[in-house]
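Visitor: I have a structure to go through and some quick questions about it. Can you bring it up?
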Amino acid sequence: MAKIGINIATGSLQKQEMIVGIDLGTTNSLVAIIHPDTKQPVALKEFDGLSLVPSIIHFDTSGQITVGDDARKYLLKEPHNTIFSIKRLMGKSYRDVQNQSSFFSYKIIDDNTEGLVKIMVGDKFYSPVELSSYILKELKTRAEHILKTPVTKAVITVPAYFNDAQRQATRDAGKLAGLDVLRIINEPTAASLAYGMGLKKEETKTIAVYDLGGGTFDISVLRITGGIFEVLSTNGDTYLGGDDFDRQILIHWCKELGITEDELANHKALAQELRLVAEEAKKVLSTSDEFIGSVAEQEVKLTKARFEDMIRPLVQRTIDSCRNALQDAELSIREIDEVVMVGGSTRVPLVKESVSRFFNKQVHDSLDPDEVVALGAAVQADILAGNNKDFLLLDITPLSLGIETMGGLMDVLIPRNSKIPSKAGRQYTTQKDGQGSMRISVYQGERDLVKDNRKLAEFNLTGIPGMPAGLPKVEVSFLVNADGILVVKAKEIRSGVEQSIEVKPQYGLTDTEVERLLMDSITHAKEDMMTRALVEAQTEGQQLLEVTSQFILKNPGFLTLAEQNETEHAIKALREVMDTGTKDEIQAAIEKLNEVSRPYAERLMDKSVQSALKNTKIK
Ligand code: AMP
C-alpha cells in the first residue's frame, strides 16, 4: 500500500516539484503554494498585487474564452454568454436546481431527467465540469507564469457538504485542465490547516469554521483527532452573503434619493453604479465610522451605526445557523476549542463581534479571509509532497476503483488517494425489461473508458426477478479493508439476491504501471471527456427515444395531429444523428424532442394529478 508522505505510489514525485493548493470558489478562485524559502503558505499574486481570479467565464461570438476580470465586464452586457457561479451547478441535475434557475442569467437545459445539467452557450452544450476546467486552466497558466515552472499537481478544495458526485466533478475538472488532482479536501479543513490546526499527531480539537463570502454562508463543525479531520455537522444558507449587505445599503439610498424600484429596473447603469458604491461604502465602514460618496452626482452618506442596524437581522441568521450546527453535532458552545473566520465578509466588524460573542471566545482572523482556504490547500499539498515530516503517514489507494456502466464508461466509487479503510456504495438499475442478471465488472484506473483501465474482476449478479427496466435497485458497494483487500458486493434490494467478490487491487501492480495510468489520464483528459460526453448523449438519446415511443404507444389519441407530426419529425431527426452525430448535434436533437413532447407530457401530468385528486377522499 502506498504511503502519503513518501511518493504517492509512483516513486516519481520529486521534492522540488511544486504542488499547488487551489481554492475553486463560487465567486473567486486562487492558488497558493508553500514558499520555498520561508516554508510558509503564500497566495500567488499577479503583478497588480491581486491574488483573486473571479470565477467568471465569457464566450465571444467566435467561441473564444476569457476567464477572470476580463470576463466580469460582460456580466451585464452579455448575460447569456457569461458564466458565473458555476460551482453551484457542479454535480447537479436540472431537478436539483430548477427552483433557482432565475438566479442564473445563462441558459441551463431542462432535459427533464435526473442527468447532470448542461449549459447552452451559442449552439454548444457545456457541462459544469468543462466550464470549471476553464477556470482551473486559467489558474494553472497564471501560476506557471508567476512561478516560471510547469504546474501539474494540485490539491483542490470543496465545501464540506459536497457529495460524491460533486467531488468527482471537481476532480474531473482538474484532470481536464491538465492537473493531477492529488486530493480533494474540505474548505473548512483547509482553513483550519492554514492556522496550523491538525498538524500535531496527538492533538484533539473541536473547531467551528465560519465562512461568509459574497453570496453564500457556511458553518462547519470539525473534530481533529490524531491528524484526521471529521466533519461533525454543516449548516448555512446558499443565498446569504456580503452581496445582501450591499443590497441593504442600496435600498436605503434609493429611499433617500427617491429612486423607485421601476426606475432602478430600467436604469441598469444607475443600478450598477449604486451597487458598486454600496459595496465600497461597506468596505470603508469595516475600518471607519462614516462613509461619504456620490451616486449620479448626488452625495450619499452612511454611518457605521446605521449600516450595522441594517445588516443585524442578516448577521443574526448566520448565528442561528451556528446554533443549529452545534445542535446537529450534539455539542455545547463550551466544547468548541477554536473558531476560524473565512470569506471576505468576515471583515465586517459586526460579523466578527457577533461570532465572537456567540462562541464566547476570540476568533482566528489574522490570515487574509479571502486567502485562508487556498493557503490551507497549499499546506495539505506540502504534506502530500512529503515535505512535512511530522505528519502522520496513512495508507491510501493509489488508483481509483470503480465499475463499468453503460457504453463502457468507468464509474468511480472510491477515488484515488482515498484513505483506507474506505467504503462507498451506489445504486444501479437494469437496462432491459425482464433482465435477470447484471454483470459487475470492476476496474482500477483514472481513464473515462474502462477499456483503458485495469480490469480487476468480474461477476454476474443472477436471480434478479423479472421486472420492467429501471425498476430493480442494485446496490453495489466497495470496501477496501485495512489490508488493502477490495470487497465488492452487489445486492438487488427488492428481492434480496446478492453476490460478492474479493480482490487485491495492488496485486501485480508495478509503480511504473501506476505512473503510466496516471500520466495517460492527464494526456488523454480532453479526448476522454469528449468520448464520455458523446457516450452519455447517445445513452440519453436512446432512453428518450424509447420513452417517447412507449408513451405514444400507450396513449393513443392523446396527441393532436400536429403534435404527432412534430414528434415523428423530431424522433426521426434524433435517430439520424444518434450514431454518427457529434454530442452537440445529439444534444440539440434531444432538446428539440423534449421541447415538442413537453406540452403533452405536462397535459398528461395534469390529467393524472386531477384523477389522483378525484380519488382522494375528503371527509
Ligand atoms: P468572498 O466570496 O469570500 O470572496 O467574499 C467576497 C465578499 O466579501 C464580497 O461581498 C465583498 O464585498 C466582501 N468584502 C471584501 N472586502 C471587504 C471589507 N473590507 N469589508 C467588508 N466586506 C468585504
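Guide: This is a predicted model. A place to start is strand E10 (residues 119-121), which is joined to E9 by two bridges, the two strands running antiparallel.

Visitor: Which residue is the bridge partner of isoleucine 108 in E10?
Guide: Isoleucine 119 is the bridge partner there.

Visitor: What is the strand order in that open sheet?
Guide: The order is E9-E10-E11, three strands with antiparallel pairing.

Visitor: And which strands stand at the edges?
Guide: Strand E9 (107-108) and strand E11 (124-126) do. Each has a single partner strand, so one side of each has no neighbour in the sheet.

Visitor: Switching to the ligand. How many residues surround it?
Guide: The ligand is surrounded by 16 residues, and the closest are Gly214, Glu279, Lys282, Ser286 and Gly344.

Visitor: How do those divide into nonpolar, polar and charged?
Guide: The shell has nine polar residues, six charged and one nonpolar.

Visitor: What about atom distances, say for glutamate 279?
Guide: Glutamate 279 has a polar side-chain atom 2.6 Å from an oxygen atom of the ligand. For glycine 214, a polar backbone atom is 2.9 Å from a ligand oxygen. Threonine 27 places a polar side-chain atom 3.2 Å from an oxygen atom of the ligand.

Visitor: How much of the ligand's accessible area does the protein cover?
Guide: On its own the ligand has 510 Å² of accessible area, and the protein covers 84% of that.

Visitor: Which elements give two or more residues to the shell?
Guide: Helix H7 (242-257) and helix H9 (268-284) do. H9 gives the largest share, three residues.

Visitor: New topic, aromatics. How many pairs in the whole structure?
Guide: A search of the whole structure finds 16 aromatic pairs.

Visitor: Which residues form a cluster with Phe84?
Guide: Phe84 forms one aromatic cluster with Phe103, Phe104, Tyr106 and Tyr239.

Visitor: What lies over the face of tyrosine 239?
Guide: Arginine 88 does, at 4.2 Å from the ring centre.

Visitor: And over phenylalanine 558?
Guide: Arginine 603 lies over the face of that ring, 5.1 Å from its centre.

Technical notes. Residues numbered from 1 in each chain as written. Predicted model: local features only at pLDDT ≥ 70, side-chain atom pairs only at ≥ 80, totals over all residues. Heavy atoms only, no water. Near = heavy atom within 4 Å. Polar contact = N/O pair within 3.5 Å; in protein donor to acceptor, adjacent residues only side chain to side chain. Areas by Shrake-Rupley, 256 points an atom, 1.4 Å probe, with all protein chains shown as cover. Helix = DSSP H or I, 4+ residues; strand = E, 2+ residues; numbered from the N terminus. Nonpolar A, V, L, I, M, F, W, Y, C, P; charged D, E, K, R; others polar. Phe/Tyr/Trp six-rings, centres within 6.5 Å; stacked < 30°, edge-to-face > 60°. Lys NZ or Arg CZ within 6 Å of the ring centre and 35° of its normal. Pairing = 2+ DSSP bridges.
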